[in-house]
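Thank you all for coming; I would like to take a few minutes on one model and go through its contacts step by step. Please have a look at it first.

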Amino acid sequence: MKEEKWAALKERIFNIICFLATILPLCFLLWLLADTFVRGFARLNFNFLISLPSRFAYKAGILPGLVGTLLLMFVTIFVAIPLGICAALYLEEYAKDSWLKKFIELNVSNLAGVPSIIYGLLGLELFVRMLNLGPSLLAGGLTLSLLILPVVITSTRESLKNIPSHLREAGLALGASKLSVIRRIVLPLAMSQIITGAILSISRAMGESAPLIVLGAATYLAFVPVNIMGEFSALPLQIFHWVERPQAAFVDNAAAAIIVLLIILAIFNSIAAWLRQHHEKKRGGL
Amino acid sequence: MNHVTISRREKFVRRSVEFILACSGFLSVLVTLGVLYILISKTWIFFKQVPLSAFFLDTVWTPLFSSQRFGIWSLVLGSMLVTTVAMLTAGPFGILAAIYMSEFAHSRIRKILKPLLEILAGIPTVVYGYFALTMVTPALQLIIPGLNGFNALSPGLVLGLMLIPTVSSLCEDALFTTPRDLKEAAYSLGARKLSTIFLVTLPYSRSTIIAALFLAFGRAMGETMIVAIAAGMKAHFTFDVREPIQTMTAYIVQVSMGDTPQNSIEYLTIFTVGTMLFVITFIFHAGSRLILRSKFKAKS
Amino acid sequence: MTAAQPKMSIKNLDIFYGLRKAVDDVSLDVLAGKVTAIIGPSGCGKSTFIRCLNRMHELTPHARVKGQVLLDGVNIYGAGIDPVTIRRRVGMVFQRPNPFPHMSIFQNILSGFALSGRKIPKNKEEIVEIALRGAALFDEVKDRLHAPSAALSGGQQQRLCIARALAMQPEVLLLDEPCSALDPISTARIEDLIGELRSNYAIVIVTHNMQQAARVSQITAYFLSGKLIEIDTTKRLFTTPKDQRTEDYITGKFG
């Protein structure tokens, strides 16, 4: 009797400890975010969004960073997403189980684990120096594309795997070619999930800063980077620049820029989450 | 119209598509080769000018100073210090959170908590760096005497926070899928919930737990922005987490932001350090995958 | 021979899953030194029933029980009774062998001690040997006691589970279709084992195999749709069943 009560108490205590282990990090994050929001909110106004950076904190804005991030996103979308989907299609639909396929899969797996700064080194030598693109927006976009390529491939493969094989077989049995089956059956069905994965990959790319710094991107850019072959900046880089300044006013700027960045990422992730839910509803029959 | 033979044009289209897709597939191999080539070739050139002993047998790293020394161990130790603090945070919190979600929480709470924890992994590292420098360090300075404005403790804690979902997600999946008949066997022998968790469920999943920790370790070593912002930019060989240190990744950032002439020794150092980083993270990432793969093989 | 008090006595047991009644008003006695077999078609409630004898049923969400299950005259469902103490006295072997894969054979046998919060006695080698001999497994594994349990065959694993239960020195042994996942040779081995074990324990075995029930048990109970239709000595139930439904099942008219 006493033993049972003691055991129940131990279980309760452990339960609470585990619960705290789950909740405390979230509370900590909440504090960090709340403090940042409070700090940056005052600084956040329309001018902040459309101004160039400046030596004077109160004048400085994030326009170059915003535009840079946006353009980088476009480059990445047009490079990484098609390449990733094609590679995933190859691995999932065409490649026969062989050592070659395993080798490619091993490569994708490995690349996913390579630190982002190493991609920066790759981009620096390959795009900036060897291909002579200089520290340009294009080089940055290509580097980010390589960075997220393994993620796009993996998530697209998961989406393709989710399409049951009997649907493909039904298409083939009706006399369709493999290409037709992919075009008309597999891709349409998998598309929303593929796009969800793509959105999440892009959102990850937009938060990256290390590889861009190594490439030579500017953390302080006095103009708006509209030239794809010219110097560029990005929102995380401007944040980095301001965090490094000792003056409190610049730290406020950093906080405000962080709010903008987090809002952008939140929007992207929400779209992805909505798409995923929408897809789940549609899939009821599968 | 002939329904039996396929037109030559159609055949050509299909072959081309397959070719293009295959090329995309091979691209990942090219990327790996590219990374390896660049790292190895630059490191090779570096070691033509700097003896191996200067690199591996010294603990002072001052390539950017006038008296240059190339002892890699201060950078490695710097990375290790931050990573250790991070693992001491992410490990316990991640595993306990995984236990909570798989053993104690109602499924509705689990459905809410799991994505919430994932948010931790989704916040850009530069934002975490901001947190570490502007909020965590000042707060810690109130309770830890002698804590420098740049130190290994603060970024380590924040990095650990970021890695909690890496650990908890993998562990929770493993714990949740522990076969029911093992737990039933334990209960039938007179076990209670805690005994079952500690003597059956956790040991059964121990390889996944280790794999998760390896994965988190590798990611911690490869992290750049948090340490570049909050840990310091001067390489010190120290075991004191209150002092400023420089990690391998932060050094690469430091050199990249300066004006280093191409092919100078200073420029080459970032690739040498990059190679060291690549090897270390590869070991842990591959180790993690090997453990997970052997667990699947053992099951089947 | 005087009629001893039954080891376990089930009185008017109703078993529920939520609102659904799975077992209806069952009363029967389990005698020490005898093997009681419970037979019936699938879904008749025999597994549900046996899992109430060591209070494993309540681990299922929304599981409920009404009535009494007496162990040595004391209701195991009485107020203030800790189910864990019951499970230490009433051991169970499951349908699929479930040795702990992360433990060696040796550790598996002793696992009941640590799991139930008891210290492993100093004479652990002796305990392991006795348990393995009791399960007729010792000679086959004595050279590799510290090998992982996963290396054993299915039949050996099941005997390991029996040894693991025996190491706790239970008074009653519940066997829930212990041979249904095994090959015929392993099955025969375990049936022999049950015959050897019954002198020391009260054994209840659930089986869908009538021939097995006829071979190993002295008392047989026939369940149908959650009700106890008939219980008698095995010989009488199989040769001259009193209830038509029992006869229909035994002669294979259904089920």
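I will go from the domains to the chain contact and then to one pair of helices.

This is a predicted model, in which local features need pLDDT of at least 70 and side-chain atom pairs count only at pLDDT 80 or more, while totals for chains, interfaces and linings use all residues. Residues are numbered from 1 along each chain as its sequence is written, and chains are lettered from A in the order in which they are written.

Chain A is divided into domain 1, residues 2-41, and domain 2, residues 49-285, with bounds that come from an automatic or database domain assignment. Their C-alpha centres lie 34 Å apart, and five residues of domain 1 of chain A are in contact with five of domain 2 of chain A, contact meaning C-beta atoms, placed from the backbone, within 7 Å.

Turning to the two chains, the contact takes 62 residues from chain A and 61 residues from chain B. Helix 1 of chain A gives the most to the chain A side, with 16 residues; helices here are DSSP runs (H or I, at least four residues), numbered from the N terminus.

Lastly, helix 3 of chain A and helix 8 of chain A pack at about 140°, with axes 9 Å apart, the axes being lines fitted to C-alpha atoms over the stretch in contact and the angles running from 0 to 180 degrees between N-to-C directions. Among the residues that meet there are A:Ile77 and A:Ile81 in helix 3 of chain A, and A:Ile194 and A:Ala198 in helix 8 of chain A.

Methods
Helices (H or I, at least four residues) and strands (E, at least two) are DSSP runs, numbered from the N terminus.
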